[in-house]
Amino acid sequence: MPIRSSVYAACAVVVAALVVGAAAPVAAAPPDPADPGGPAVSGTAAPVAAASPEASRPGGPSGAVGAPGVGDPFFPLAGNGGIDVQDYNLKLAYDPATDRLEGTATLRIVATQDLRRFDLDLREFTLGTVTVDGVAATFTRDGQELQITPRRTLRKGASFTVVVPYSGVAKPVTDPDDSIEGFVPTGDGAFVVNEPQGSPGWYPANDTPRDKATYTIAMTVPAGLTAVGNGALVSQTAAGGRTTFTWRERFPMAPYLTTITIGKFVVTTGRAGGIPTYVAVDPSQAAASAPVLRKLPEMVAFLQDLYGPYPFETVGAIVDDAPDVGYALETQTKPAFDRAPDDATLLHELSHQWYGDAVTLRQWPDIWLHEGFATWSEWIWAERHGGQTAAQRFADLAATPASDDDFWNPPPGDPGEAANLFAGSVYDRGAMTLQALREKIGDRAFFTVMRRWYAEHKYGNVSTPEFVALAQQVSRQDLGAFFKAWLYTPGKPAFLADDGAAVASARLAASEGGGRRR
Ligand code: TRP
Ligand code: ZN
């Protein structure tokens, strides 16, 4: 749902549903109607020129061909022009014995331009008959682009339904940094995480964080296994030696935050404050994760106090044994962990529900708006729970010598290339940027900035210049040079002293040498 007005329309539906439904109305607060939205940049970015000569011919039928991407600097073919997905309904079945995934995806879409043809993103798989509004459409495949030509041109503003039946062996997607994601087979099922581009590895998507939508995911698995998805468990039914789990996320969700992780899990349900919880743990990780997961309600309460009301209807966690993946992810409403997390990792992924999942970047190079915020959240949790203060943490890191190139680079606001998306500097120097801001403008202004950033952009998309503008507005300071130094200038900021470095960095290496992967 890239267009702000449609986000509001969808949320109105969500709120209405919550009011009449039986679910706890905890997260029912509608988006603030006073939300000014993103200033200059509209939800739909300038599309990348369509690849085919026909599509780009001026004055030709080009105006009616949806672009193959939305112009992300790191992933130019991710997402598609001309479409705004409202809702995904995925009916899937997975057999861990063969890794075969099969099912049907039904997408309700609004055309944002006249469309003679449009794309979805999908890798691999064999397709059945694709239909648009019940009528067979023709399609072609070109890399991750599934190009669909409906029988008749779709008019701008029209709402239409696309059905894509598909089957095949689900294969993980490998990223520029060599990490894997998507549908990743495990010993007993599959670990499913998609940041930044795994979704098209298991369903046809408009794979851009700008197009949030609601999701129903039904997954049928062999009896004894559990399929864990985002949002609320709508039903769990057994038939013919298989179990179908149907999950519904009624809040806007970016495709990269979806999951339907499958395995043998011990499930615990409960409440965090008034919010229903669903926690699924691989038995091999149960002992190690129990003392950490016990803190989940306290962490949610802490983050609500700090940043504002939890944005979604349900909360929880998925703790799997997925050694091939090697990182955790903030999948919406249920962060997914490749192994038992420690306190800091659980807090990190929960804080992403505010910064990342509810308030989501518009372009991938702005990833520090997620990772810097989640890392700083770890610091403030420690500060308020008898650990190191954020100021101490900052001071220790600030003593890292300028010669430590990998610590200071790339500058977090300009990671340069997709392979640097999750560089250490995006996390640590990103968090240092926030702590430096806190020390510059004071706690009162700083927490106002953090809370307003969340309240004003919840369920929407953001960019770094908007954050800078808000910080300047709240603090009434010109912060241009400050953010330029922290976010965009390579190397150690010149104003930080470069002494005592060896000692501090040795201490740091000793304390973080395990290389926790987040
Ligand atoms: N899990 C990371 C976090 O929550 C983000 C992430 C996604 C990641 N894919 C990755 C990190 C690959 C390292 C490698 O912050
Ligand atoms: Zn993170």
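1. Two strands count as paired when DSSP finds at least two bridges between them. Strands β19 (residues 275-281) and β20 (residues 315-319) are joined by five bridges. These two strands run parallel. Within this pairing, Val281 stands opposite Val319 of β20. Bear in mind that this is a predicted model.

2. Now the sheet around that pair. Four strands make up an open sheet, ordered β18-β19-β20-β21. The pairing in this sheet is mixed. Which strands stand at the edges? They are β18 (266-272) and β21 (336-337). Each has a single partner strand, so one side of each has no neighbour in the sheet.

3. Next, confidence. The mean pLDDT of the protein chain is 88. A score of at least 70 is reached by 84% of the residues. Residues 2-61 need care in reading: their pLDDT is below 50. In the model, this stretch still has 90 contacts beyond near neighbours in sequence.

4. The overall make-up of the chain is as follows. The protein chain holds 12 helices and 23 strands. It has 518 residues, and 59% of them count as buried. Take the contacts with a sequence separation of 6 or more: 70% of these link residues 24 or more positions apart. The accessible surface is about 18900 Å². Carbon and sulfur atoms supply 55% of that surface.

5. Which residues coordinate the zinc ion (ligand 2)? The donors are His348 (NE2), His352 (NE2) and Glu371 (OE). Their distances to the zinc ion run from 1.9 to 2.0 Å. The sequence spacing of these donor residues is H-x3-H-x18-E. His348 sits in helix α5 (residues 343-351), while Glu371 sits in helix α6 (residues 368-384). The pair therefore ties together parts that lie 23 residues apart in sequence.

6. Are His348 and Glu371 buried or exposed? Both residues are buried.

7. Asn461 belongs to strand β23 (residues 460-462). Its relative accessible area is 8%. The cut-off for buried is under 20%, so Asn461 counts as buried. A polar atom of the Asn461 side chain lies 3.4 Å from the backbone oxygen of Thr360.

Technical notes
Residues are numbered from 1 along each chain as its sequence is written. Chains are lettered from A and ligands numbered from 1 in the order in which they are written. This is a predicted model: local features need pLDDT of at least 70, side-chain atom pairs count only at pLDDT 80 or more; totals for chains, interfaces and linings use all residues. Side-chain values use heavy atoms; hydrogens and water are left out. Buried means under 20% relative accessible area, exposed over 50%, partly exposed in between (1.4 Å probe, protein chains only). Contact means heavy atoms within 4.5 Å. Accessible areas come from the Shrake-Rupley method with a 1.4 Å probe; for residues, only the protein chains shown count as cover. pLDDT is the predictor's confidence in each residue, from 0 to 100. Donors are N, O and S atoms within 2.8 Å of the metal (3.2 Å for Na, K and Ca); water is not among the atoms, so sites may look incomplete. A polar contact is a pair of N or O atoms within 3.5 Å; within protein, one must be able to donate a hydrogen and the other to accept it, and residues adjacent in sequence count only if both atoms are side-chain atoms.
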